[in-house]
Structures are given as C-alpha cells and as structure tokens.
Amino acid sequence: MRLDHVSYACTPNELGDVVQRIGSCLGGQFADGGRHPRFGTRNFILPLIGSVYLEVVTALDHPAAEKAPFGRAVRACAESGGGWWGWAVAVDDVTPYEQRLGRAAVEGIRVRPDGQELRWHQIGLLDVITDPQVPYFTHWETDPDEHPSVGESHGIRLRGLEMVGDPERMTQWLGAPIEHPLGDVAISWRDAQPGDAPGLVAVQFDTPHGSVCID
C-alpha cells in the first residue's frame with residue numbers, strides 16, 4: 001500500500017484557470033490526462049517525485065457523471081466551491097478490500113489525448129462520499145511505465161497532507177496507521193471549525209523555489 005495521488009476538483013468552466021493557478025504556484029506544468037468515459041470526468045495530471053501525482057479533475061456534462069460514484073463525488077465537490085475532494089492509495093491486490101467491503105471493485109479507464117488507455121480497478125468511492133476523510137483504493141493494471149506519475153516532476157514533492165477527521169477512524173479504514181501508506185509524507189490533523197467537514201483540506205509541497213501549501 002502506498003500513496004498514489006491527490007485530487008483537486010473544479011467545474012468545467014474553472015478547469016483551465018485552476019490548472020494554470022496550481023501549476024504556477026508549484027512551478028510545474030500539467031499535462032492533459034484525457035477522459036474517464038465510465039465516470040463522465042476528465043483530468044489534468046502533474047507528476048511528482050516518488051511515484052505520486054496530482055490531478056485536477058472535473059465532471060463533464062455526461063450521463064456517466066450522474067451514475068458513477070466518482071463522477072458524482074467530483075461534481076458535488078466542485079459545485080460546493082471546489083478544492084481537495086479526495087486521495088487514493090495504490091494496493092497490489094484489491095481482493096482483501098472487496099471482501100472487507102462486501103462488493104466488487106469497479107474498473108476504471110482513462111483515455112489519454114494520444115489514444116493510450118490506462119486501466120485500473122478501484123474500490124471505496126461510496127465510502128468516500130459518506131466519509132470524505134478516507135481514501136479509496138486503486139490497483140493499477142497498466143504498465144508501470146505508463147503510470148500517471150511517470151513524467152517531468154519539475155522537482156516537486158508532496159510533503160504533507162492536512163486533514164480534518166479522526167486518526168482512529170483512518171487507521172481502522174486502512175487496516176494500518178495512516179503513516180504506513182504515506183511513507184515520508186507528513187500528516188497533520190486540523191481541529192474542526194464550525195462548518196468544517198471531514199476530509200483533506202490542504203496539501204503541502206516542496207518545490208525548487210520553496211515550500212508551498214495549497215488549500
């Protein structure tokens with residue numbers, strides 16, 4: 001189990017501005033990741049040091065975005081103001097999580113602009129919708145050389161996640177302390193303020209021009 005990626009949601013109209021803003025803040029250039037035809041979404045990708053990546057994702061005006069939990073979650077976050085909506089950990093085998101959650105993992109497909117298909121299975125999105133602090137689990141079936149983290153990182157490393165929530169709940173969900181899948185990524189827990197919902201609220205990055213926090 002390891003940290004795979006963090007996701008920032010916005011509306012389709014905001015997509016270009018958000019990609020430009022975050023890329024400028026970090027000193028990196030996003031690449032068009034293409035579309036998730038089964039989820040009704042599309043994303044832009046920024047590879048990071050350490051086999052981790054950052055995505056900016058939006059829900060399209062497409063029936064799949066109304067049906068798929070991923071599309072619904074992204075749209076709900078974007079329409080409530082946007083921001084960090086979720087994070088994912090990669091696992092070598094989804095079977096234990098299917099058994100624990102009592103349902104099958106869902107196949108994911110993303111078609112890049114160059115026509116290359118990326119495939120994986122994921123599980124836990126329904127739980128993220130009801131408890132946004134927890135990550136979902138993903139098992140990549142694509143060649144490791146095609147993983148979204150492969151590419152120019154511009155010297156950017158994800159240094160820390162700031163959460164609102166319950167560390168004990170996170171340990172129960174992961175089956176291990178949260179530090180296990182995050183390696184050298186620091187975790188901090190923010191005291192909930194009135195109106196705060198559990199979830200990922202800020203991400204810290206190390207960049208060639210210094211530390212940057214995006215909330």
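**Largest pocket.** I looked up the largest pocket in this predicted model and found 19 residues lining it. C77, W84, W85, P132 and P198 lie nearest its centre. I then checked which elements give two or more residues to that lining: α3 (69-79), β5 (83-90), α5 (125-130) and β11 (199-207). The space in the pocket comes to about 460 Å³. I sorted the lining residues by class and got 13 nonpolar, four polar and two charged.

**Largest cavity.** Next I searched the whole structure for cavities of 30 Å³ or more and found one. I noted about 90 Å³ of space in the largest cavity. Its lining has 13 residues, and H5, H36, Y53, W120 and Y136 lie nearest the centre. The elements that give two or more residues to this lining are β4 (52-59), β7 (117-123) and β8 (136-140). I recorded β8 as giving the most, with three residues. By class, I list six nonpolar, five polar and two charged residues for the cavity lining.

**Cysteines.** How many disulfides does the structure hold? I found zero. I took C25 as a case and looked for the cysteine sulfur closest to its own; that sulfur is in C213, 11 Å away, which is too far for a bond. For a disulfide I need two cysteine sulfur atoms within 2.5 Å. C25 is partly exposed, with a relative accessible area of 34%. C213 is partly exposed, with a value of 46%.

Key: Residues are numbered from 1 along each chain as its sequence is written. This is a predicted model: local features need pLDDT of at least 70, side-chain atom pairs count only at pLDDT 80 or more; totals for chains, interfaces and linings use all residues. Side-chain values use heavy atoms; hydrogens and water are left out. On a 1 Å grid over the protein atoms alone, a cavity is a set of points where a 1.4 Å probe fits but cannot get out, and a pocket is an open set with protein on both sides within 12 Å along at least five of seven lines; lining residues have an atom within 4 Å of a point. Grid points are joined across faces, edges and corners, and a volume is the space filled by probe spheres set on the points. Helices (H or I, at least four residues) and strands (E, at least two) are DSSP runs, numbered from the N terminus. Ala, Val, Leu, Ile, Met, Phe, Trp, Tyr, Cys and Pro count as nonpolar, Asp, Glu, Lys and Arg as charged, and the others, Gly among them, as polar. Buried means under 20% relative accessible area, exposed over 50%, partly exposed in between (1.4 Å probe, protein chains only).
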